[in-house]
Amino acid sequence: MVLNQFVWLVPLLPLLAAAWIGAGYVAGWNRGESGERQTALVASGATLLSLLFILALDILAMLNGAPGQLDFGTWLASGDYRVQLSFSLDALGLSMATLVVFLCFISLRFSVNYLHREAGFQRFFMVMSLFTAAMLLIVTAGNAVLTFVGWELAGVSSYLLIAYAYDRPTATANATRAFVTNRIGDAGFILGIYLSFTWLGSVEWPMLNHGVDSIETLSVGLLAFGFLIAAAAKSALVPFSTWISRALEGPTSSSAVFYGAVMVHAGVYLVIRMAPVFEHNPMLMMALAALGVLTALYGFLGGLVQTDVKSALMFAVTTQIGLMFLWCGLGWSEFAAWHLATHALWRGYQFLSAPAHMHMMMRPNRPLRGWLARQRWLYTAALQRFWLDHLADSLLVKPSKQMSKDMQNFDERIVNRFIGLPGSASAVSSLAQWESRHRGDTRVEGDTGDIGHGRGFMGRAMERLASLFGWFEEHLILRGGSEGLLAVIQHLGKYVQHIENLLVQPRYLLLMIMATFVVIL
Amino acid sequence: MGILSLLLLLPVLGSAAIILLPAGNGLLIRRVAIGVSGLTLLLSWSLIGSFDSANPALQFVEHVPWNVRMGTSYALGIDGISFPMVLLATLLSFIAILASTSIRDSSKGYYMLMLLLETAMLGVFMAQDWALFYVFWELTLIPLFFLIDRWGGKGRQMASLNFVLYTMGGSVFMLVSMLVLYDGMPQHSFGMAEMAAAGNALSQHKQLLIFLGFLVGFGVKMPIFPIHGWLPLAHVEAPSPVSILLSGILLKMGSYGLIRAATTLPEAVVSMQGILAGLALFSLVYGGLLAWRQSDLKGMIAYSSVSHMGVVLLGIATLNQTGLTGAVMQMVAHGLVAGALFLLIGLLYERTHTRDINDYSSLMRSTPRFAFFTVLAFVGAVGMPGTAGFVAELHAIVGGFARWGWVVVLLSIGVMISAAYAIRTIGRLFTGPVSRKMQGIEDLRTPEMAAAGILSIGILFIGIFPATALQMMSASIIQVSGLFAGG
């Protein structure tokens, strides 16, 4: 099929749109309000093209059957490690891609009006295009490494959009928190890729799914565990759940696709994609189901105590995601895929209409059932989001901070002194330096200044050696050699001059002539 | 008349034309000088098209008997080692003349001498007869003596005298060696090829004695550690354009001569290999440390030249293909880098009238273009990847490692020291507290920027696409290294 050969255009088009908008902003051809039209046109145009392309592929697939794995040659090769530029266009990949690009397109169209005259209009559209490309890459990529590329790009664009209002400290702090949490998942992903390479020799999805039959159950468990961590972090399953409620700082339309409809489902997609691997190990299936149940409960209880629309929606999303993981854990991955698609569409709509949600409310919330309402401790726990944040803080953040402080102390007290870097305490801003010089003070502390002076152990050694060489150069080569040469010549010249003076006197001339005669005779 | 003779003749004709011009019209004189050197530049660079880099033999050969009884001849020719030097010489001469805006008094004599100097330098690289080589070698002294003595800085008399004494002293040894070699030949000839054949046939002991003479002669010029006394003085005191030529090309004459002498007396070089490498590594560290100690900017670049020429000597001492490639490459790279540095520092000195590094600060604000080009030149001096110096140092290290193993780690230490003073200088010059004295300094003018730009492009081009330059040299270098492959 000719069309299949161009499937790489699907993720590439939004990526090009992002690059175009970025370049345009740097070069200044789409800045300001006048550039909004062009920006929106480029971003949504590229996404629309991708959408049409995917739809065409869908129709072809319906007529002729899905094309399956497509290989466009080697992307990276080093020794036995080989990463193909391949795409998985099976039923799952195609339907996910259609869903993703459709939702992204809708959300982009929505944002054209929603973000009108916002300061970061171009930035928003650039990151959204980048995100669209990333998500399309995740769902169409034919191997784990390409998926991981999209996975990371999606993480970065999520970070950029949470911190969309980067002048607000909460937005940037939450963005960092979300990003760092996602990095834990990335570590798991990399572990999975590494183990697939070593044990299976390939990272292509079909190879991965079939290859696990040949290795031990325990190994499969470890391999799949890496991917499970990745999926759990991206889809905000229980130990990682809190980042997603912090992620709502971004503009509503981005929240809709990122956390309502698209990105949050990436973890579910990964588990469905790897269903044969997970099914290989019953322990993992149980872990999936348990995580799903826990997350669903967390989402349900947490959602009950939320007071604003977006947060309530967010907890509803968490609940549904938990359910999807439960289905996967029970082995119903096809059902999970259907759930994913319908949920994504419905939640996307809900998030986009969230700003107007209060107007659409016809009746008050249903009161809680009595037995649940009586559980005061559950109320507190739900309000505190089950202390997951505190747990992470005291288990990970605080020890890391303390360790880094210790490292810094070690650096400042020992390493810096040894290699001669000025410690941070003695660093002086240039204004202060200037002022103190202006007042006629001697050199500011920490600025030893003079040429040829070293700091620290190596610097001192270098200084000693250099001054030794300097002495040698000064005394023996310059003064002794060059000037000495001149002095010797001048000295000799004086002697010769002396002899010459004597010779020109008549008596010595006569003597010379007589001597000559004596020799001749 | 051959094209090489034309190349030699052009600057001479130019200086003759300048004699006829009225002394009062400085601008006209300058334009004529720029035109002539530009024409020479174009002519030499047009040879690239017809130069066959796959051919290791001499090309564009001209041979006219000069004194038949003595066996001397007017023989010119270029190969893959001398051709890059010729290109470098015409380029740097052009840039030096372009950068001579500060020479206002008696510019007639100045430009005349500069053009004569260009001819002499080109002659050294093209001569294929030792007698002719020696004539051109000595001919470079005369214009240089006057250029330093007349237009130099405070200690110029001392510096020029010193320079001439040292070089003459060295060339006496060279001359004696040549005459001994000449004397020992059955067919009396000064032709390089004939002398090489005769030299190869001599016993190792004799070769060694003769080579020592050459080593002193060329070592003074290069310079090698204990006989570099003329260099700091001459570089510091010479006017900046002359410094460009001094460190850009004059030093390369020494190393070029050494390569030629090595092919003439291969057994001697093989037996001295270790000593040469020791001298090279010591020069490298010694020059670097002294450069680090200098607060005079020109002094710093002068000592860094000692350090960089140590890399050349090390490359020559390896006597293998990689090392020799590194040596020739470093000759080109250092020519470009030192040229650029002396050019920029010279221009800076014209504006601030101080060479003390402590007087400078925060130039980034007032002179961003200076900052850009100077940083680039210093980065090239350190041999960062992507600059010509990196290609050269890498070859020298690889070649040296193949021969001596881990000892060449000293070269890396030399590179580290050069990074220390380069970065310190960049920091001092361009960053730091704002000082009132350094405000309002004029930035690079367009012609100055063009000169600096050409050199920077050269540094980057060779760094990024080294294949073009390497290809030009490779055939000849394979031939030279082939001489030592057996020994």
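## Packing and contacts in a predicted two-chain model

Within chain A, 74% of the contacts between residues at least 6 apart in sequence join residues at least 24 apart. Two residues are in contact if their C-beta atoms, placed from the backbone, lie within 7 Å. The model is predicted: local features need pLDDT of at least 70, side-chain atom pairs count only at pLDDT 80 or more, and totals for chains, interfaces and linings use all residues. Residues are numbered from 1 along each chain as its sequence is written, while chains are lettered from A and ligands numbered from 1 in the order in which they are written.

Chain A holds 22 helices and two strands. These are DSSP runs numbered from the N terminus: helices are H or I with at least four residues, strands E with at least two. Of the 521 residues in chain A, 38% are buried. Buried means 20 or more other C-beta atoms within 10 Å of the residue's own; exposed means 12 or fewer, and partly exposed lies in between.

**Helix pairs**

Two helix pairs are set out here. Axes are lines fitted to C-alpha atoms, for helices over the stretch in contact, and angles run from 0 to 180 degrees between N-to-C directions.

| Pair | Axes come within | Crossing angle |
|---|---|---|
| α3(A) (residues 91-114) and α4(A) (residues 121-140) | 9 Å | roughly 170 degrees |
| α11(B) (residues 240-264) and α14(B) | 7 Å | roughly 165 degrees |

The angle makes α3(A) roughly antiparallel to α4(A). Angles over 145 degrees count as roughly antiparallel, under 35 as roughly parallel, 65 to 115 as roughly perpendicular and the rest as oblique. Residues of α3(A), including A:Met96, A:Val100 and A:Leu108, meet residues of α4(A), among them A:Phe124, A:Met128 and A:Leu136. This contact divides into 11 nonpolar, four polar and no charged residues. Ala, Val, Leu, Ile, Met, Phe, Trp, Tyr, Cys and Pro count as nonpolar, Asp, Glu, Lys and Arg as charged, and the others, Gly among them, as polar.

In chain B, α11(B) and α14(B) are also roughly antiparallel to each other. Their contact divides into nine nonpolar, eight polar and one charged residues. From α11(B) come B:Ser243, B:Ile244 and B:Lys252, among others; α14(B) brings residues including B:Gly335, B:Phe342 and B:Leu343.

**Nonpolar cores**

A nonpolar core is a set of buried Ala, Val, Leu, Ile, Met, Phe, Trp, Tyr and Cys residues joined through C-beta atoms within 7 Å. The largest has 181 residues, and B:Ile95, B:Leu313, B:Leu343 and B:Leu344 touch the most other members. Helix α14 (residues 321-352) of chain B gives the most to this core, with 18 residues. A second, separate core of 126 residues includes A:Met96, A:Ala247, A:Met314 and A:Met324. Leaving out residues up to four places away in sequence, B:Leu313 touches B:Met222, B:Ile224, B:Leu276, B:Leu279, B:Ala280 and B:Ser283.

**Between the chains**

The contact takes 18 residues from chain B and 18 residues from chain A. On the side of chain B that touches chain A, α7 (156-183), α10 (230-237) and α12 (266-293) each supply at least two residues. The largest share of that side, five residues, comes from α12(B). By class, the side has 11 nonpolar, six polar and one charged residues.

**A buried glutamate**

A:Glu204 lies in the loop between α6 (169-200) and α7 (205-211) of chain A. A:Glu204 is buried, with 24 other C-beta atoms within 10 Å. A:Glu204 and A:Val83 are 121 residues apart in sequence, yet 8.1 Å apart in space, C-alpha to C-alpha. Not counting residues up to four places away in sequence, A:Glu204 touches A:Gln69, A:Gln84, A:Ser86, A:Gly142 and A:Asn143.
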